[in-house]
Amino acid sequence: MTYIDFMSVVHKSTKRDYLARVNDPDYPKAKAANLAKTWGYDYWDGDRSIYYGGYQYIVNRWEKVARAMAKHYNLPKNPKILDIGCGKGYLLFDFLKVIPDAEIFGIDISNYAIENSKEEIREHLQVGNATELPWPDNHFDLVCSMNTFHNLYNYELEKALKEFERVVYVVCEMGIAKFDLKERVWELIFRSSIYHAKTVYSLTVNQKHIFLGTENGLVRINKKTGFTRDYSFPFIGQVNAMNLDGKTLWQKI
Ligand SMILES: C[S@@+](CC[C@H](N)C(=O)[O-])C[C@H]1O[C@@H](n2cnc3c(N)ncnc32)[C@H](O)[C@@H]1O
């Protein structure tokens, strides 16, 4: 997995006085944490010792993050974007400034956050848990989540991460099979004849395509249409491993 930093444009590290927080006379750490975990008024707009201390929209703050993501990922003109743990919806709201035709979806466990979210986009946000996303597989072009997954318990985390990427692709003699981690079912999605039964040494996927590294180059398959494109040149040779980094595909020969 590639590490890309979209966040430091908005988050600068600040020094915290942990001792003072633990010994806060009104909201000692344990009390504050218990209140925060209810994800209600106290967490968002209550006392600063509890959590945000008033979480307000700051014009253009999240636009920088949205712009960086939009630039990095090869998104279509009207992408479907999901934010898991969307809070008051500020990132999604700013996404629309960067990609006005985007279809946005937000989910968050906090009733209070959704009720007090950006009014302009509230109808696109819903209350729900990261461990049970109410959408089918491959519904989104981009799924993002900021500062949310650390709130989950370990046993929830595995489930939530599987919700992020529910599908595993495998090449076998018959072709390319898809394994649904949630439903635990296999499906043969492309027969090997569509890539001329070449020997496959590596595989990687993005939203639109499956890339196969073969004995003499690369085959790209459109997931929806099955259209293939063959990049077989003598100078490429056998592609043993691949890494997709945004729009760039690196190959290890
Ligand atoms: C630190 S806030 C971040 C909010 C927002 N992503 C942002 O950066 O402005 C953490 C968010 O995670 C949400 N959250 C916590 N557990 C969750 C869960 N199991 N499913 C969905 N959302 C959850 C909280 O309600 C809260 O909105």
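In this predicted model, β5 and strand β6 (residues 175-180) run antiparallel and are joined by 6 bridges. One spot to look at is Val171, whose bridge partner in β6 is Ile176. These two strands belong to an open sheet of 3 strands, laid out in the order β5-β6-β7 with antiparallel pairing. At the edges sit β5 (167-172) and β7 (185-191), and each of them pairs on one side only. Leaving direction aside, neighbouring strands here are turned by 25° against each other on average.

The parallel version turns up in another open sheet, where 4 strands line up as β3-β2-β1-β4. Its edges are taken by β3 (125-127) and β4 (142-144); each has a single partner strand, so one side of each is left without a neighbour in the sheet. From one strand to the next, the twist averages 15°. Leu82 is a handy example, as its bridge partner in β2 is Phe105.

Then there is the ligand. Around the ligand are 16 residues, and the ones that come nearest are Gly85, Gly87, Ser110, Ala130 and Thr148. What is the make-up of the shell around the ligand by class? Sorted that way, the shell has 8 nonpolar, 7 polar and 1 charged residues.

Note on methods: Residues are numbered from 1 along each chain as its sequence is written. This is a predicted model: local features need pLDDT of at least 70, side-chain atom pairs count only at pLDDT 80 or more; totals for chains, interfaces and linings use all residues. Two strands pair if DSSP finds at least two bridges between them. Axes are lines fitted to C-alpha atoms, for helices over the stretch in contact, and angles run from 0 to 180 degrees between N-to-C directions. A residue is near a molecule or strand if its C-beta atom, placed from the backbone, lies within 6 Å of it. Ala, Val, Leu, Ile, Met, Phe, Trp, Tyr, Cys and Pro count as nonpolar, Asp, Glu, Lys and Arg as charged, and the others, Gly among them, as polar.
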